[in-house]
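These are my notebook entries on a structure that I looked through on screen. I wrote them for a reader who is meeting such terms for the first time.

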Amino acid sequence: MTTAIAISNLTKRYDTVTALSDISLAVESGEIMGFLGPNGAGKTTALRILTGMIAPTSGTVRIEDLDATERPVEVRRRIGYMPETIALYPELRIQEYLSYRAAIKGVVRSHRRTRIDTALAQCGLMDVRRQLIGRLSKGYRQRVALADCLISQPRILILDEPTVGLDPHQIRQTRELITALGRTTTILLSTHILPEVEMTCRRVAIIDKGRIVAVDTPANLRQRMHGIPLVRVQLRGEARAIEEALRRVPGVARVTSHGQVDGVAAFELATAAGADVREAIFRLAVERQWVLRELAQTQASLEDVFIHLTTKEQDA
Amino acid sequence: MQNLLALTSRELKSFWYSPVAYVVGALFLLLQGYVFGLLITALNDPAADVSISIAQAFFGPTFFYSISILITAPFLTMRTFSEEKRTGSIELLLTAPVTDMQVVLSKFLGAWLAYVILWGLTVVYFIGLRQLTAFDWGPVLTGYLGAWMLGAVLIAIGVLASSLTRNQVVAAILSFVTLLLLFSLGIFEWFIRDPETSKTIRYLSLLEHLNDFSKGILDTRPMVLYTTLTAICLFLTGRVINSPRWRS
């Protein structure tokens, strides 16, 4: 497999903030890679650098072996990009807009008609193709932007939060379309919605505070957390004292308080790899005479992985 | 080239889709029509100065002429970059496989062609007049050439101003004030004794050269001036939209 997108040591600094610090990532051609991170993690900044919208402070981006800063136009010809905030020309009709986009993207005149029709059909826009973009709902505008991405049949698609603002039905359609496109196209999509990544992506890069904290398949990421099961505990007693005591139990890595209701304090514990802390907690409860209301070990979800990876620094 | 064509035609098309085009166009034509009417009346007066031709009066640097282009150009250009920047549509434009220069040129050409078309429409006045009386078409043609070439400078300044702000009104005011200052450059000539400086100022005051164009004189010096100023403004616009601050 060849590398479609190669990001190496990319750093982007604004006046005082560092949006990206030294990130490296390789997307193989033909794979769907998810770019996952909380809001403000640097996802959009990274994608905007890939598309040549903004220049990096340092580092390089190669798209199919072309340097993005040296040959921006050729690179952009290979990419279909859907930005986070979609602003189109409200005065144009959908068909008119797509025809304009096809022309500036270098689609030869004789192919334009069929390409536009294909894109319209793929994105479910056939029936509204004569409508003014300004009168469309957000969901439809989103689809027009997606159709625009597809019109030049690029080998690489870069989609920034492609399902934000869509209704559940549209979200499902869009995910199906992305999965279908992924069979022939390299796709890098950013999102902060976890199920989306689990459903569509072959690999996931988790980004937090401008750094890539993990790159793996969704299954492997979950596996990695498997040795670190989460334990849910509810005890009746003084919350502060319980939290203190739980922290001292051998094998407990992190204690998250979930508040106190009717004198019962709820906690979630992350444990060190291989440790089973349940019996120790039971003995602790007996010893301190705290009534045990709940004690359960749960499977790590991708959400837990995500939270674990993106909150580690704050806890340390 | 295909890119530039597609971009420019989008610019021009969007322009005619907006009400601004019709308001500005109507005002421009109304003003020019009024001026033309005044001129006919004045030139019809038996006591009129026979040495002044209709082309000279219509295309010369008169008050009406300067006021009409002073208003038209900022209106035609104010949206070009500021609106795309404000809505964010600029992102899809700049991430398409086009160069920055193509984008700048298309914005310029779109607005300038609209300007050329507006002026072009006034030819009906002359066609109408031709039914009634004979006149020399030569100065009329060079008059148009002068209007269009000077227009290129004004439009390029307007495009530059539009790239500097995301607010169309601010863009319009910025280009209006800049043009006003440029137009009034001639005033300084009165205060300057040094003949060389005074000559330079006369060369740089844009409206001055319209005298030649309206007399049917084709001088390359004003053409070089107009073209150079246009190119400088477009180059600067390119620099502006390429700057990291503008793109973030």
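**Entry 1: terms and ground rules.** Before looking at any sheet I noted that two strands pair if DSSP finds at least two bridges between them. Helices (H or I, at least four residues) and strands (E, at least two) are DSSP runs, numbered from the N terminus. I kept in mind that this is a predicted model, in which local features need pLDDT of at least 70 and side-chain atom pairs count only at pLDDT 80 or more, while totals for chains, interfaces and linings use all residues. Residues are numbered from 1 along each chain as its sequence is written, and chains are lettered from A and ligands numbered from 1 in the order in which they are written.

**Entry 2: chain A as a whole.** I looked up the secondary structure of chain A and found 11 helices and 14 strands. Its C-alpha trace spans about 80 × 40 × 40 Å along the principal axes. Of the 316 residues in chain A, 40% are buried, where buried requires 20 or more other C-beta atoms within 10 Å of the residue's own, exposed means 12 or fewer, partly exposed lies in between, and C-beta atoms are placed from the backbone. The chain is divided into domain 1 (3-217) and domain 2 (228-299), with bounds that come from an automatic or database domain assignment. I noted that the C-alpha centres of these two domains of chain A lie 44 Å apart.

**Entry 3: the six-stranded sheet.** In what order do the 6 strands of the open sheet in chain A stand? I read the order as β6-β7-β8-β3-β9-β10 (chain A), with mixed pairing. At the edges stand β6 (79-82) and β10 (211-216) of chain A, each with a single partner strand, so one side of each is left without a neighbour in the sheet. From one strand to the next the twist averages 15°; for such angles, axes are lines fitted to C-alpha atoms, for helices over the stretch in contact, and angles run from 0 to 180 degrees between N-to-C directions.

I then followed β6(A) to its partner β7 (residues 156-160) of chain A, and found that 4 bridges join the two, which run parallel. A:Tyr81 stands opposite A:Ile158 in β7(A). Helix α5 (residues 138-150) of chain A lies across β6 and β7 of chain A and runs at about 170° to β6(A). Contact here means that the C-beta atoms of two residues, placed from the backbone, lie within 7 Å.

**Entry 4: the four-stranded sheet.** The open sheet of 4 strands has the order β12-β13-β11-β14 (chain A), and its pairing is antiparallel. Its edge strands are β12 (252-261) and β14 (291-298) of chain A, each of which pairs on one side only. With direction ignored, neighbouring strands of this sheet are turned by 15° against each other on average. I counted on 7 bridges between β12(A) and strand β13 (residues 264-271) of chain A, which run antiparallel, and A:Gln260 stands opposite A:Ala265 in β13(A).

Two helices belong in this entry. Helix α9 (residues 239-248) of chain A lies across β11 (230-236), β12 and β13 of chain A, running at about 165° to β12(A). Helix α10 (residues 278-288) of chain A packs on the sheet by touching β11 and β14 of chain A, and its direction makes about 170° with that of β14(A).

**Entry 5: helix α1 of chain A.** Why is helix α1 (residues 43-50) of chain A largely enclosed by the rest of the structure? I found that 8 of the 8 residues of this helix are buried, so it is largely enclosed. Among them are A:Lys43, A:Arg48 and A:Leu50. After α1(A) comes A:Gly52, whose phi is positive, near 80°.

Entry 6: For chain B I noted 15 helices and 0 strands. Its C-alpha trace spans about 65 × 50 × 30 Å along the principal axes, and buried residues make up 40% of its 248 residues. B:Leu27 has its place in helix α2 (residues 19-44) of chain B, and it counts as partly exposed because it has 14 C-beta neighbours inside 10 Å.

Last, I looked up the contact between the chains, which takes 21 residues from chain A and 22 residues from chain B. On the side of chain A that touches chain B, the elements giving two or more residues are α2 (72-77) and α3 (94-104) of chain A.
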